[in-house]
Amino acid sequence: MKRKLLMPKLGLTMTEGVVAEWSIQPGAAFKTDDTLFVVETDKVANEMPAEADGVLSEIVAAVGQTVAVGEIIGYWDDGAAGEESAAPADAAAVTAPQALAVQASGQQAAGSQAPAAAVAAAPAGRVRSSPMARRIAAMENVDLAVVPGSGPRSAVRAQDVRDYLEARAGAAAAMAAAPAPAASAPALPAAARIGAAVACPAGEGAIDAGIRSKPSLVQAATARRLIAVKQQVPHFYLAVEAEVSKLLALRAEINAQDPVVRLTINHFVVAAVGRALVDLPEANAVWADGDILRFHSADVGVAVNSERGLFVPVLRDAGRLGLNALALAGNRLVERARAGALTAPEMQGGAITVSNAGMFNVKFMTPIINPGQAMILGVGSISKQFRPDAEGRPALTQEMGLVLAGDHRLLDGVSGLRFLSRVTHYLEQPLQLLLGHAGAKGAHDGN
């Protein structure tokens, strides 16, 4: 029976996706859990597995083509007699995200072997692998036959290749620490070979041609999405300095009491942003394909820099969580982001992201809105300043630089200032953060 392959919906705000890769060609058979194609959304690249055995009949959407959610991208045959089914749910790719067992590009496969074991002997026979694994292997000059697979029927997944590369890098570092035989010429990685081919001889007047290399999948996807959002979303920026002397004193006092979890400045900022979303629900919205999509949950994204690139996990209902619960949940998300273990749903939703650069001694940071959201708060360092007190005498204060970037289709200067003022209010009166959500009193008059 001929069936449809449709563009899946992988998030609340997803309206279209890009067919990044077909893993098989028309006429080829596939088994359950085999990867059929790869979809790129505004968050991540997703390998889409088959839910049943079949044969790919036809490809409708070419690689690189943008397709609306629910549109046909191809056909497959389940081998049963009968006419084509009109029910969209029969397609292998039109399923709720939670039922798809989506493997995000950065997700670490369950049960994957430790890096130390990733350099084990190659399995015999044909190497089953995902298209993303093949792409990474080609970029890094890796023979997939030497990479143990953790997927169905030992298929090599993208994370398996990454684990192998980490193990190989560790082994190379260990070898470099030991004296090498003069006749030994270790193989150079791909990027180094490219550089060796174009580099000019050292000496006066020589031009450094640099070393060219390919971006990782995460780097390439981040570049495309940030360029798109910067070009398509009209940003405006508002900057303030919040007086956080009380916050620092409160944090020090709480942490000195041996709390369940040690609170960071970022925990307070995320809590303040979440409380402001609850106070001002009109700000808790995003622009979604010409419509305004409002949220009930006060979700806040948290920008996390990792070795694999920048990720933004979303902390659910941060505006209504107590500080300890918020800190525990936030720490878990950060750890998963740094381990490359985030799932696509963990990076979806929310109207705003907090991007904290305070640890780098920067006064202000003007960030770019995370794709699919409406605001981002850039957090700078805390610095000491002398300000006049009520009687005009110099008083030492501690101030944090904040920059709110807003989507001008949803917010104007007044509504943006109202939101930023509410965030500042919580940071300057942090005891209210300990009481949970303090209600909307004072939210619209700037108090």
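Reader: Is strand β2 mostly covered or open?
Author: Strand β2, residues 16-22, is mostly covered, with 5 of its 7 residues buried. Buried means under 20% relative accessible area and exposed over 50%, with partly exposed in between (1.4 Å probe, protein chains only). Strands are DSSP runs of E, at least two residues, and helices are runs of H or I, at least four, numbered from the N terminus.

Reader: What kind of model is it?
Author: It is a predicted model, where local features need pLDDT of at least 70 and side-chain atom pairs count only at pLDDT 80 or more, while totals for chains, interfaces and linings use all residues. Residues are numbered from 1 along each chain as its sequence is written, and side-chain values use heavy atoms, leaving out hydrogens and water.

Reader: Back to β2. How does β2 pair with β4?
Author: β2 and β4 (residues 35-40) are antiparallel, over 4 bridges; pairing requires that DSSP finds at least two bridges between two strands. V19 has V39 in β4 as its bridge partner.

Reader: And how many bridges join β2 to β7?
Author: There are 3, and β2 and β7 (residues 66-68) run antiparallel. E16 is bridged to A68 in β7.

Reader: Different topic. Where is L435?
Author: L435 lies in the segment after α10 (431-434). L435 counts as exposed because its relative accessibility is 70%.

Reader: How many helices and strands in the protein overall?
Author: The protein has 10 helices and 19 strands. Of its 447 residues, 46% are buried.
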